[in-house]
Number of protein chains: 2
Amino acid sequence: MVQIEQDIMAKNQSYANANRAAFAARGLFVVNLVSSPGSGKTSLLVKTAEALKGELPLAVIEGDQQTGLDAARIAATGVAAWQINTGKGCHLDAHAVGHALEHLPPLQNGILFIENVGNLVCPAGFDLGEAHKVVILSTTEGEDKPLKYPDMFHASDLMILNKSDLLPYVDFDVEKAATYARQIHPRIKTLTLSARTGEGLDSWLTWLRTGATHARAVP
Amino acid sequence: MVQIEQDIMAKNQSYANANRAAFAARGLFVVNLVSSPGSGKTSLLVKTAEALKGELPLAVIEGDQQTGLDAARIAATGVAAWQINTGKGCHLDAHAVGHALEHLPPLQNGILFIENVGNLVCPAGFDLGEAHKVVILSTTEGEDKPLKYPDMFHASDLMILNKSDLLPYVDFDVEKAATYARQIHPRIKTLTLSARTGEGLDSWLTWLRTGATHARAVP
């Protein structure tokens, strides 16, 4: 079993390395969004696509066990999207992401978003070639999630606390969540926002613009 | 790979069958709670424990990647709880559940709750010997989850729509969620409640009492 797991991880890593090289050659900033189901990844991507589509080349790879619902929501904004259905699988892998690229229009000096399967466990261990994993935690999920799912918060460089519009109606302590996340990953950054109302979205857009500038291929 | 997966599932099934026989011998009604992280499984169990502890023998097996936070919340109600930490694992298995029983006081003619790891994918395929899987979907997660994670809703006999107190503040259509769930599993039942306010809890308690009565060992 251990040998097989090592083989799977080694194979994934070699595909991830190839993806990373391909992304660098195209000057792409690639972000891998991870979270529980229903924390608002797609809603955040829809708002982000609407805000940035005139400014930067964008594309989205969507991951779900079943349905093409999320890719359809992105496509409605006018941004190209490709849906991967994982069937029984609980995460995207680098091989599938590499092939998804073939189905998207050529993208250069922009941002590629990968929305992983909603799952706080499995996607943590799989490098897809992204620059950063970004973990979304919504204010309805409780502050203890970084402690209970440490691998995911350790693997992520940014934590987005989504659904800030629901803070008045839930028992959620933003400071406590940020403290727990830093306990697991001292350098993790935290942004609080509401994909629904747009509150706090500017900091996220700024973070993305900075990343895209750094990733841009020197002509 | 397929052979190894078959071996794992066959081994789990034989442990699950042994658990089921042990549960039947003790007259236990055993419920396996599954959901996304943060949908309110533990909060529901705390309210349930408080409501039923004087009336029926109860115990709880808690599953999480890390921490004993949930078992501590249950234990604070006076109901016995044992925490399983799965480490890298994304679900409980029947073998671990069998061993957890050894750490709980002897229970007879009552209800054993198993709270699985928060994950809408992995726990679907693993029988623990329970009478029913019960899937919790909270009103903040979106109605489309039964379609996107069909295995879990197919495996569950009851869907609890939790966080009904947040319905005025979110875009969630209870009827649509129930319709989607029935599309995947025509005989699934749906209960809407709020573990936080207690609204709708009575139907859940009635469902549990009926199950416990049916499971009771004939003397």
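1. In this predicted model, 29 residues of chain B are in contact with 29 residues of chain A, where contact requires C-beta atoms, placed from the backbone, to lie within 7 Å. Helix H5 (residues 145-148) of chain B gives the most to the side of chain B that touches chain A, with three residues; helices (H or I, at least four residues) and strands (E, at least two) are DSSP runs, numbered from the N terminus.

2. As the model is predicted, local features need pLDDT of at least 70 and side-chain atom pairs count only at pLDDT 80 or more, whereas totals for chains, interfaces and linings use all residues. Residues are numbered from 1 along each chain as its sequence is written, and chains are lettered from A in the order in which they are written.

3. Chain B holds an open sheet of seven strands in the order E3-E2-E4-E1-E5-E6-E7, with parallel pairing, for which DSSP must find at least two bridges between two strands. The edge strands, E3 (80-85) and E7 (189-192) of chain B, each pair on one side only. Within this sheet, five bridges join strand E1 (residues 29-35) of chain B to strand E4 (residues 111-115) of chain B, and Val31(B) stands opposite Phe113(B) in E4(B).

4. In chain A, all seven residues of strand E2 (residues 58-64) are buried, a residue being buried if 20 or more other C-beta atoms, placed from the backbone, lie within 10 Å of its own. Five bridges join E2(A) in parallel to strand E4 (residues 111-115) of chain A, with Ile114(A) as the bridge partner of Ile61(A), while six bridges pair E2(A) with strand E3 (residues 80-85) of chain A, also in the parallel sense.

Note on methods. Contact = placed C-beta atoms within 7 Å. Buried ≥ 20, exposed ≤ 12 C-beta atoms within 10 Å, placed from the backbone.
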